[in-house]
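Here is a short report on a protein–DNA model.

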Protein chains: 2
Amino acid sequence: MSGRSASQRRATIVDVAELSGVSKSTVANVVRGDVPVSEETAARVRAAIAELGYVPNALARSLKQRRVATIGAVIGDLANPFYAELVKHVEHRIASDGYATIICDAVDTPATERDRVAMLIEQRVAGVLLTYFSGDPQVIADLQAAGIPVVGLSVMDDRIDHVVTDDVRGTQLAVEHLVALGHRRIVYVVGAGTEQSTIRARVQGWRSAMRVRELRAGRIVTLGLERPPSGVVAIELDEAMAARRRPTAMIAQNDVTALELINRLEAGGLRVPADVSVIGYDDIPAARLDRISLTTLRQDTPRLVERAAALLMGRIDAALPGDVSANRVPPQFVVRSSTGRCRTTD
Amino acid sequence: MSGRSASQRRATIVDVAELSGVSKSTVANVVRGDVPVSEETAARVRAAIAELGYVPNALARSLKQRRVATIGAVIGDLANPFYAELVKHVEHRIASDGYATIICDAVDTPATERDRVAMLIEQRVAGVLLTYFSGDPQVIADLQAAGIPVVGLSVMDDRIDHVVTDDVRGTQLAVEHLVALGHRRIVYVVGAGTEQSTIRARVQGWRSAMRVRELRAGRIVTLGLERPPSGVVAIELDEAMAARRRPTAMIAQNDVTALELINRLEAGGLRVPADVSVIGYDDIPAARLDRISLTTLRQDTPRLVERAAALLMGRIDAALPGDVSANRVPPQFVVRSSTGRCRTTD
DNA sequence: ATGAAAGCGCTAACAC
DNA sequence: GTGTTAGCGCTTTCAT
């Protein structure tokens, strides 16, 4: 039972065959159990397997079968609880289908993203779940050229199957809530860890809802960001708050940003929600603490993952029709106490 | 550049060889670049590679070389930010060495733990990082029998290399701090997500420090736990707080538990730290928010991971001496405002 | 019910 | 500098 020394190598199917005096195929049949094998032969084989501690080599099997029991998960940032939980669910779901999950985290630059995806292609993963996507067309092209199914999970892209929360709707709900509380100067705050397609949808929801209410959306506010997201005019938080008529309500890109925002605001002497209301997105565990009590939009993580996984499995088994499938899961608006009536009347 | 249809299959090294009119070995040589190849041949081969979109098959390579570029990470619970961050660092570190990370999360029951580890063995991972371990000797035996190096990362076990935070010391520091603030009734609180060896060390630190100060340690307090950890006499939080002379300070197993604890305490009308002081462990991001401001013991995640990874890599390359290596990284005590002077004088 | 044989796609001697 | 060859450990017809 001790570790095998450097000299001895793992038992292979041949070793088992020799020890039990049968052929490789018979051993294989016993191991998988679909082809019938006489009980006494099977018993001998099983004994040999136990004695040698034989474990089939998944690599060899995959090579032969041309089916790999591994999927890749490209992650935005594991340090963000929303993603961590997403990945957790992914791993569980995928494991229940017999697949292993390879993670690629924080593909911050397009170059690393390509590298990591190249690794997944080399590994010949059966499929890829994209939780983060730079938008680089090459990435999708490479994956598709390799014949690897891809589904966006909380990533929206027309070229691939995807399942996302209805972020446009979600952010519209946030605006409606704030408007109902009397707010008119409602800004949108973008922080670090920006997934392009997600931000885009949320910003769009904010803008459209503001337009409907005939309110000015104005510039996006950034928090701790070196450069604003591409193609967007932005203003830094401090600058925004220094304005004569400063915002009375803020919708943050996600909960992590919202918490950071509240911290900054309060450190600057403002009270939340008395002076400014804040809304997050995701409903991470910390948002639920009484000391935080963040009004936010809850994403239905289990459902997002279930759908994305089902979609991916369908593609892997080639059971699904060819068209790209776009899926939108509704968010749930959770009102807590980081939002309140607008006290400014000007 | 579109996805390859079901009929056509991925290009192999043979396809590249044929198209460029050379042998497989030559293709292999230009791909890896260590054996010299004439420039014109190389150019032809590269052209063929580009045309066919050839990507070497890592499975075939691993099978042949008997070296797999994959490691397994067994995780306690990705939903715990401490573990999520740990895994994030692991993935980065491991990737920089050219390895892919396969995750196995929340191996709650011994049965699943064995299953998941069996999967890792089938995959013939080059090594395993144990971030969670039930203590089941079979798990380690299986891994060792398979010749797979294992290192405990934030998991302490004498049978394997491990690198852990000095939890005994950490918890002692926590007790010292509380004693200095005048506390005498200091309890230890265990919540969900219990990793046995970690809890054990921390409880031990608490007990020993209490003994040194000639204070009674008493029963462990549990929070939202169905059953107390094995071999421990415990009492539920509500019961502990209902006591005549209730605890004035609590040391929680980790930050997640500490946050939950503060929530429960305050929901019950107690103030933190005015009525009861609370100390956590880990220093997760939420602990640093001003609204939380949790006194805690910071674990040096980058260092833990760096050491564990270096150790694992050393074992994989068989470069390290045979003895089990035990590594302890000091925690850093971070005083914030969840702890304060004891107001009770009885 | 069992065995023989032909690969999966690659690497690594070893020849030329 | 380049080609030939023999596997890595497994699955999978196809015989028997």
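## The A–B interface

Chain A puts 51 residues in contact with 51 residues of chain B. Two residues are in contact if their C-beta atoms, placed from the backbone, lie within 7 Å. The model is predicted: local features need pLDDT of at least 70, side-chain atom pairs count only at pLDDT 80 or more, and totals for chains, interfaces and linings use all residues. Residues are numbered from 1 along each chain as its sequence is written, while chains are lettered from A and ligands numbered from 1 in the order in which they are written.

On the side of chain A that touches chain B, the elements giving two or more residues are H4, helix H5 (81–96), strand S2 (100–105), helix H6 (110–122), helix H7 (137–145) and helix H11 (255–267) of chain A. Helices (H or I, at least four residues) and strands (E, at least two) are DSSP runs, numbered from the N terminus. H5(A) gives the most, with seven residues. By class, this side has 29 nonpolar, 11 polar and 11 charged residues. Here Ala, Val, Leu, Ile, Met, Phe, Trp, Tyr, Cys and Pro count as nonpolar, Asp, Glu, Lys and Arg as charged, and the others, Gly among them, as polar.

Strands also pair across the two chains. S2(A) and strand S2 (residues 100–105) of chain B are antiparallel, with three bridges. Two strands pair if DSSP finds at least two bridges between them. Thr101(A) has Ile103(B) as its bridge partner in S2(B).

## Chain A overall

Chain A has 12 helices and 13 strands. Its radius of gyration is 26 Å, well over the 20 Å that the globule rule gives for 346 residues, so chain A is more spread out than a compact globule. The radius is taken over C-alpha atoms, and the rule is 2.2 Å times the number of residues to the power 0.38. Along the principal axes, the C-alpha atoms of chain A fill a box of roughly 90 × 40 × 35 Å.

Of the 346 residues in chain A, 49% are buried. A residue is buried if 20 or more other C-beta atoms lie within 10 Å of its own, exposed if 12 or fewer, and partly exposed in between; C-beta atoms are placed from the backbone. Among contacts in chain A between residues at least 6 apart in sequence, 70% join residues at least 24 apart.

## A parallel sheet in chain A

Five strands of chain A form an open, parallel sheet in the order S8-S7-S6-S9-S10. Strand S8 (234–236) and strand S10 (277–279) of chain A stand at the edges with a single partner strand each, so one side of each is left without a neighbour in the sheet. Neighbouring strands are turned by 35° against each other on average, direction ignored.

Strand S9 (residues 249–252) of chain A runs parallel to S10(A), joined by three bridges. Ala249(A) stands opposite Ser277(A) in S10(A). Helix H8 (residues 167–180) of chain A packs on the sheet, touching strand S6 (186–190), S9 and S10 of chain A. The direction of H8(A) makes about 165° with that of S9(A). Axes are lines fitted to C-alpha atoms, for helices over the stretch in contact, and angles run from 0 to 180 degrees between N-to-C directions.

## A covered strand in chain B

Strand S5 (residues 161–165) of chain B has five of its five residues buried. Asp161(B), Val163(B) and Thr165(B) lie on one side, His162(B) and Val164(B) on the other. S5(B) pairs in the parallel sense with strand S4 (residues 150–153) of chain B over three bridges. It also pairs in the parallel sense with strand S12 (residues 326–329) of chain B, over four bridges. Leu153(B) is bridged to Val163(B), and His162(B) to Ala326(B).

## The DNA strands

DNA strand D is surrounded by 25 residues, the closest being Ile13(A), Ala60(A), Val22(B), Ser25(B) and Lys64(B). A residue is near a molecule or strand if its C-beta atom, placed from the backbone, lies within 6 Å of it. H4(A) gives the largest share of this surface, five residues.

Around DNA strand C there are 25 residues; the closest are Val22(A), Thr41(A), Thr12(B), Ile13(B) and Ala60(B). H4(B) gives the most to the surface near DNA strand C, with five residues. Val22(A) sits in the loop between helix H1 (13–20) and H2 of chain A. It counts as partly exposed, with 19 C-beta neighbours inside 10 Å.
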